[in-house]
Amino acid sequence: MLVKYLRACAFVGCFIPAVPAFAEIDSGAYLAARQAAMNSDFSSGARYYTQSLISDPTNPLLLESAVAAYVSLGQIDQAAAIAETMIELGIESQSANLVLTALAAKTGDWMAIFDHLEGDHSVSPLVDGLAQAWAAIGQGKMSQALASFDEVIEGDGMRAYGLYHKALALASVGDFEGADEILSDPEQPLFSARAALSHAKILSQLGRNNDAISMLESVFGESNDPGLRSLFAALSDGQTVPYDIVTTPEQGMGEVAFMIAELLRNEAQETYTLQYARIAEYLDPANTEAIMLSANLLQQMERYELANATFAQVSQDDPSFATAEMGRVDALRRLGRPDAAIEVAESLSRAHPQLPFVHAKLADVLRSQERYADAHAAYSKAISIYSDTDPNRWLVLYARAITSHALDDWPNAEADFRAALALNPDQPQVLNYLGYSLVERGEKLDEALQMIEKAVIARPDNGAIVDSLGWVLFQLGRYEESVVHMERAAALEAVDPIVNDHLGDVYWAVGREVEATFQWNRALSFDPESELAARIRAKLERGLDTVLAEEGAEPLKLANDLP
């Protein structure tokens, strides 16, 4: 029920009419702003919507859109100035109401929250109810706050969230027994990772570290998350872990915004979820999870410059710093700045030499720049640190195998491929790569074909893997069988030059030369690498048989005679 309600709010909050409401709008700036909004370009959107407001300062659409753009940038104070204008003009807006509620909490103006609600400036029943409760705590009225939490708890579909915040409120004033009693209720299990972390820290305050460890293990299992590992270590050492999730009503309001963002994460548009995450950051700058959520949402929206800047907000002494820096590495790569990405990754590997995934990330970036020897060394470092039971070990072995293959070191490549398969026997990408490579080398052909057939069964809609099966059959001289698979691969990877080139070769081999010519021309149209393009042109000029002869390869008619 709550999720459906939140999704409805998300739709209303994100809806933008197709045409401006007033003819006086600066049409150029308005159209530029709308284009920016469609591209999630919040910086340009904020600039152009603000420019449009100069010519039409009371336009509800422009005001609403400007608020959303500034919030998405994390510039809440700028958004608040526009939101206040909207209230003065009598324009009702969920986004504006959320921003002004956040501003009141940030400045400690708790009475303003009650005034907003009395004026019917609502965000949603859940946010409104929790805001009243935290505002009452801000005024020092704990009894009133607990009564407000209880009203939320009795609300339709809001029980779990009301109980969670009531527990946080009790913990914030040192009542850890009361908080634990709520969070330990077997009829109301913890609904989020954040709730589990809160409970663990509350248990530690009660001297119950072993219970905290057992609870965390039941929720997270074995995890490589640096923050969790740090928490496990502190609990195992018998330390009393500080309770720092929510210690002030301002943080309590930030937790409301973060909770809503988490609930909306897979249910609403990223732009809407981002607004709640940004509000959470604003109210609680120490909430690293909110920062990471904002950054990851920006990555998903391909706003890599903003994502890079947001990841950079995580401090070096935070357990999530390494994860944030790896996010920066990805953002910089996407921005076309590989040298900067390598610099960040190398710095991180020096600062955290004990973290295997840091070395693996550095290796990935180096391999993407064809620095295979350096990448191989970094992968080897990662593998030396990963435990034998780590579920990520197979992937790093696979990546190092690809790197060894690129270095023309087939014995070590094959060894790593097989080691990866020993850890993950049915992994289709490894099966495909190793099987295809064996066929290209003319080795262990029966085993290679079985590997690729197994990979196709696992990934029947993966065009690259289906292409491998068709191409292997072609290499084995089983041309008629190859046609079916190559045609399917070309349907799945319609604009891939290699797949289309392969299909052309298969057609030629079965005597369908006109279709072969068509496919080779089609492959050329998709901008293949220069070496492949030259070979395709040679086939178009002289035919596949002649090209094979020029290359010293076995002719097709002899390949047909292979068993």
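Predicted model: local features only at pLDDT ≥ 70, side-chain atom pairs only at ≥ 80, totals over all residues.
**Close-up 1. A salt-bridge network joins Asp-501, Asp-505, Arg-535, Lys-539 and Glu-551**. One of the pairs to look at here is Lys-539 with Asp-505, whose closest N and O atoms sit 2.7 Å apart. Lys-539 belongs to helix H31 (residues 530-542) and Asp-505 to helix H29 (residues 497-509), so this pair ties together parts 34 residues apart in sequence.

**Close-up 2. Asp-180 and Arg-208 meet in a salt bridge**. Their N to O distance comes out at 2.8 Å. The pair links distant parts of the chain, 28 residues apart: Asp-180 sits in helix H11 (residues 176-183), while Arg-208 is in the loop between helix H12 (193-205) and helix H13 (209-220). Which partner counts as buried, and which as partly exposed? Asp-180 is the buried one, because its relative accessibility of 10% falls under the 20% cut-off. Arg-208, at 30% relative accessibility, counts as partly exposed.

**Close-up 3. Arg-328 pairs with Glu-325 inside helix H19**. Here the closest N and O atoms of the salt bridge are 3.3 Å apart. Both residues lie in helix H19 (residues 321-334), three residues apart, or about one turn of the helix. Arg-328 is buried, and Glu-325 is as well.

Close-up 4. How many salt bridges does the structure hold? The count is 29, and the pairs of Lys-539 with Asp-505, Asp-180 with Arg-208 and Arg-328 with Glu-325 are among them.

Conventions. Residues numbered from 1 in each chain as written. Heavy atoms only, no water. Salt bridge = Lys/Arg side-chain N within 4 Å of Asp/Glu carboxyl O. Helix = DSSP H or I, 4+ residues; strand = E, 2+ residues; numbered from the N terminus. Buried < 20%, exposed > 50% of the residue type's maximum accessible area, 1.4 Å probe, protein only.
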